[in-house]
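The structure is shown first, and the description follows it.

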Amino acid sequence: MRKKIVAGNWKMNKTLQEGLKFSNDLKEALKGKTVNCEVVVGTPFIHLSEVAKNFEGTVVHVAAQNIANKEKGAYTGEVSAAMVASTGANHVILGHSERRAYYHETAELLTEKVELALANDLTPIFCVGEVLEEREAGKHFDVVAAQIKDALFELSKEDFSKLIVAYEPVWAIGTGKTATADQAQEIHAFIRKTIADKYGEEVADNTSILYGGSCNAGNAKELFSNPDVDGGLIGGASLEADSFLPIIEAFN
Ligand code: PGA
């Protein structure tokens, strides 16, 4: 059975000290609580090692927000999958719309990153989602299917089954505008069907598909109650333990 997951994405926020304070706060807040989902915190590279150490022995996993598309070598400023894995982090967010839009990440590049992540035992949280004009033109299904097919459908069944998918409509990210529960369910079911058509029902049934885009304490429960919404990828509301905890508890 697929996992329920609540994953945070700090993006480019928090100094090292602020990141450590968050991890202490969340650890404290989770003490003695029943947690019914997997929890992941996605930090900038510089936090990974210390935050991962701080969460050791807890239910919280740590994710990077990117990796290089090269294994190693003369790529100044880049951070490899092996380096991320060596910090104790075990997930990586890939294909986020901000990386696609601002850093021109293509399907081809993302395939390389996904393969390197998997080769280093990092679980990719692979993001897809349409922009507003695409939704308004009714093209969101085609856009999302193409993002999945172009970057991921060369993977073997075994490799694909290690992925987490996150549907994040770009018009909902950081805007306070959330997809309705029905909109989320409709496209999550479509994503699962797209996966089933290629890799079979079993792989599709076992793939966790997260919703992202202005998900918060107020709407998480309704979004997560949909049969094909297996949790969330949370930006703004993941920055403080106080706003992140109620999203984790939406599964209680
Ligand atoms: P948001 O970001 O929750 O701030 O909308 C989500 C994301 O980009 O992952």
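This is a predicted model: local features need pLDDT of at least 70, side-chain atom pairs count only at pLDDT 80 or more; totals for chains, interfaces and linings use all residues.

## Helix α5 and its packing

In what follows, two residues are in contact when heavy atoms of theirs lie within 4.5 Å. Helix α5 covers residues 107-119, which makes 13 residues, and its span from first to last C-alpha is 18 Å, close to the 18 Å expected at 1.5 Å a residue.

The buried residues of α5 are L110, T111, K113, V114, L116, A117 and L118. These buried residues pack against the helices α3 (81-86), α4 (97-102), α7 (140-152) and α8 (157-160), and also against the strands β4 (91-94) and β5 (123-128). After the helix comes D121, which has a positive phi near 60 degrees.

H104 is found in the loop that runs between α4 and α5. Although H104 is not a glycine, its phi is positive, at about 55 degrees. The relative accessibility of H104 is 63%, and H104 therefore counts as exposed, the cut-off for that class being over 50%.

## The ligand and its shell

Around the ligand there are 13 residues, of which K11, H96, E168, G174 and S214 come nearest. By type, this shell is made up of four nonpolar, seven polar and two charged residues.

From K11, a polar atom of the side chain lies 2.7 Å from an oxygen atom of the ligand. In the case of G174 a polar backbone atom takes part, at 2.6 Å from a ligand oxygen atom, and a polar backbone atom of S214 is likewise found 2.7 Å from an oxygen atom of the ligand. On its own the ligand has 280 Å² of accessible area, and the protein covers 95% of this area.

S214 is not a glycine, yet its phi is positive, at about 55 degrees. The relative accessible area of S214 is 17%, and because buried means under 20%, S214 is classed as buried.

Once residues up to four places away in sequence are set aside, S214 touches A172, G174, T175, G176, K177, T178 and N219. One of these residues, T175, has its backbone nitrogen 3.5 Å from a polar atom of the S214 side chain.

## L20 in helix α1

L20 is part of helix α1, which comprises residues 16-30. With a relative accessible area of 22%, L20 is partly exposed, because this value falls between the 20% and 50% cut-offs.

Apart from neighbours within four places in sequence, the residues in contact with L20 are E50, V51 and N54. H47 is 27 residues from L20 in sequence, while the C-alpha atoms of H47 and L20 are 7.9 Å apart in space.

How values were computed: Residues are numbered from 1 along each chain as its sequence is written. Side-chain values use heavy atoms; hydrogens and water are left out. Buried means under 20% relative accessible area, exposed over 50%, partly exposed in between (1.4 Å probe, protein chains only). A polar contact is a pair of N or O atoms within 3.5 Å; within protein, one must be able to donate a hydrogen and the other to accept it, and residues adjacent in sequence count only if both atoms are side-chain atoms. A residue is near a molecule or strand if one of its heavy atoms lies within 4 Å of it. Accessible areas come from the Shrake-Rupley method with a 1.4 Å probe; for residues, only the protein chains shown count as cover. Ala, Val, Leu, Ile, Met, Phe, Trp, Tyr, Cys and Pro count as nonpolar, Asp, Glu, Lys and Arg as charged, and the others, Gly among them, as polar. Helices (H or I, at least four residues) and strands (E, at least two) are DSSP runs, numbered from the N terminus. The expected span of a helix is 1.5 Å times one less than its number of residues.
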